[in-house]
Amino acid sequence: MKLPRRNFLHLAASAAALPVVSRIARAQAYPARPVRLIVPVAPAGAADITARLMGQWLSERLGQPFVIDNRPGGGTNIATEAVVHASADGYTLLLCGVFNATNAAFYDKLNFNFLRDIAPVAGVFRGPYVMVVHPSVPARSVPEFIAYAKATPRKINMASSGTGAAPHLAGELFKMVAGIDMVHVPYRGGGPAVTDLIAGQVQVYFATTVSSIEYVRTGRLRALAVTTAARSEALPDIPTVAEFVPGYEASGWFGLGAPKGHAGRNHRHAQQGDQRGSRRSQDESAAR
């Protein structure tokens, strides 16, 4: 994660100047009370780790707690909707990611529009996924893994942090370009997926660097490749998938967002409309 501390502090503190922050919040030093950072996945995964690192860093420098609120479920839509309907005062933030960008294609009906209802605050991280396998898998390279998968079709279980999540898409893309078939096993977050991979319940996972690098370094997981076009500075000796499967590329990102307040305004407009209609009915009744 390459993010100069000074730059991030300026980005995060600028939330007080965004239109989503009320005049009351802007009139005083921000933050004047604890800030809630809603994370749309279960604890222990990359998104949760990223949120906790950022929350601790911001708490130390801005003088108020940044409280991590995990709300997994609904393909991350439950957490996103909660932030959309929160007060647009800068004290409720959302950890955003690839899942927010892809959900518009996976769900026909959502109670929000991510681009319309969430205001961007700051980018936090962009990086590769790591193709990691359990040490029992008899493959030490991407070509060996492809050969093994072709020899044992649908015998390899591929974990993901949830159906439609970025690791799932990275795995499905790999299956397609490599011409192999694996069984998809979705979990409620990256933490549970990594736990079961270490235990040998699943054999392969396209994990984030944050959630997998220590297990790779200690030998509990084996890294076969990274998914970006260029090698990762964190794992310089690990090749890219594209070195063996030309054209393959996938990456993940995290950022912070805040509610724009459309939902609250729409609710107030509806209430005002009801009140105007009620007054109109009363006036008509009095005239009659």
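**Entry 1: contacts and overall make-up**

I note that the model is predicted. I then recorded the secondary structure, which consists of 11 helices and nine strands. The protein has 288 residues, and 49% of them count as buried. Its accessible surface comes to about 14200 Å², and carbon and sulfur atoms account for 53% of that area.

**Entry 2: helix α7**

I asked which residues of α7 are buried. In this helix, which spans residues 142-151, I found V142, F145, I146 and A149 to be buried. These residues lie on the same side of α7, because they cover an arc of only 100° around the axis. An α-helix has 3.6 residues a turn, so residues three or four places apart point the same way. I next looked up what the buried residues of α7 pack against, and I found β4 (118-133), α8 (166-178), β7 (204-208) and β8. At the N-terminal end of α7 I found a cap, S141. A side-chain oxygen of S141 lies 3.3 Å from the backbone nitrogen of E144.

**Entry 3: N77**

I located N77 in helix α4, residues 77-84. Is N77 buried or exposed? Its relative accessible area is 9%, which is under the 20% cut-off, so N77 counts as buried. I then listed the contacts of N77 beyond its neighbours within four places in sequence: N103, Y107, L110 and F112. With N103 there is also a polar contact of 3.0 Å between the two side chains.

**Entry 4: T102**

I found T102 in helix α5, which covers residues 98-106. T102 is buried as well, with a relative accessible area of 14%. I looked up where its side chain reaches, and I found the backbone oxygen of F99 at 3.3 Å. When neighbours within four places in sequence are left aside, T102 is in contact with G164 and L169.

**Entry 5: A242**

I turned to a loop position and found A242 between β8 (222-226) and β9 (251-259). The relative accessibility of A242 is 24%; buried requires under 20% and exposed over 50%, so A242 counts as partly exposed. How far apart are A242 and A230 in space? I recorded 8.7 Å from C-alpha to C-alpha, for a pair that is 12 residues apart in sequence.

Methods: Residues are numbered from 1 along each chain as its sequence is written. This is a predicted model: local features need pLDDT of at least 70, side-chain atom pairs count only at pLDDT 80 or more; totals for chains, interfaces and linings use all residues. Side-chain values use heavy atoms; hydrogens and water are left out. Helices (H or I, at least four residues) and strands (E, at least two) are DSSP runs, numbered from the N terminus. Buried means under 20% relative accessible area, exposed over 50%, partly exposed in between (1.4 Å probe, protein chains only). Accessible areas come from the Shrake-Rupley method with a 1.4 Å probe; for residues, only the protein chains shown count as cover. A polar contact is a pair of N or O atoms within 3.5 Å; within protein, one must be able to donate a hydrogen and the other to accept it, and residues adjacent in sequence count only if both atoms are side-chain atoms. Contact means heavy atoms within 4.5 Å. The arc is that of the directions from the helix axis to the C-beta atoms.
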